[in-house]
Amino acid sequence: MDSAPIYDDKAEVRGNLDLTKAEWQRAAEPDADPDGEYVEIAFVPHTDGNQYVAMRNSKYTGPDDTVLVFTMSEWDAFVEGAKAGEFDEPW
C-alpha cells in the first residue's frame with residue numbers, strides 16, 4: 001500500500017520565518033518542573049505581513065529541531081477543536 005503524498009503548504013513560510021527573536025510561551029502550571037517537557041508557542045510576524053503561530057516541544061529548541069507553523073485561522077481552528085475535545089484520547 002502506498003502512503004499518501006505529503007503536501008507541505010508552508011515550506012516557503014517556514015524558510016523565511018525568523019524564530020530567533022520569538023517570545024516562546026510555555027503551556028505549564030506556574031509550579032511545574034522547569035526541566036519538564038512542554039508545548040511552547042510563539043506568535044511570529046513574517047515578512048509577508050502575516051502573523052503565524054509557531055509550536056515546538058520545549059525539549060527540542062535547536063535551530064534544526066521541528067517547529068509546527070500555523071496560520072492564524074488554522075490556529076483558531078486547532079484551539080477550538082481542542083476545546084471541543086477533538087483530540088482527546090478515546091480511553
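Let's start with a pair of side chains: Arg-26 forms a salt bridge with Glu-40, and their closest N and O atoms are 2.9 Å apart. (A salt bridge here is a side-chain nitrogen of Lys or Arg within 4 Å of a carboxyl oxygen of Asp or Glu.) This pair links distant parts of the chain, with Arg-26 in strand S1 and Glu-40 in strand S2, 14 residues apart. Strands (E, at least two residues) and helices (H or I, at least four) are DSSP runs, numbered from the N terminus. By the salt-bridge rule, the count comes to three.

Before going on, keep in mind that this is a predicted model, where local features need pLDDT of at least 70, side-chain atom pairs count only at pLDDT 80 or more, and totals for chains, interfaces and linings use all residues. Residues are numbered from 1 along each chain as its sequence is written, and side-chain values use heavy atoms, leaving out hydrogens and water.

Now for the sheet. Four strands make an open sheet in the order S1-S2-S3-S4, with antiparallel pairing (two strands pair if DSSP finds at least two bridges between them). S1 (25-26) and S4 (68-71) stand at the edges with a single partner strand each, so one side of each has no neighbour in the sheet. Strand S3 (residues 51-57) is joined to S4 by four bridges, and the two run antiparallel. Look for Val-53, which stands opposite Phe-70 in S4. Helix H2 (residues 72-83) packs on the sheet, touching S2 (39-45), S3 and S4; touching, or contact, means heavy atoms within 4.5 Å.

Notes. Axes are lines fitted to C-alpha atoms, for helices over the stretch in contact, and angles run from 0 to 180 degrees between N-to-C directions.
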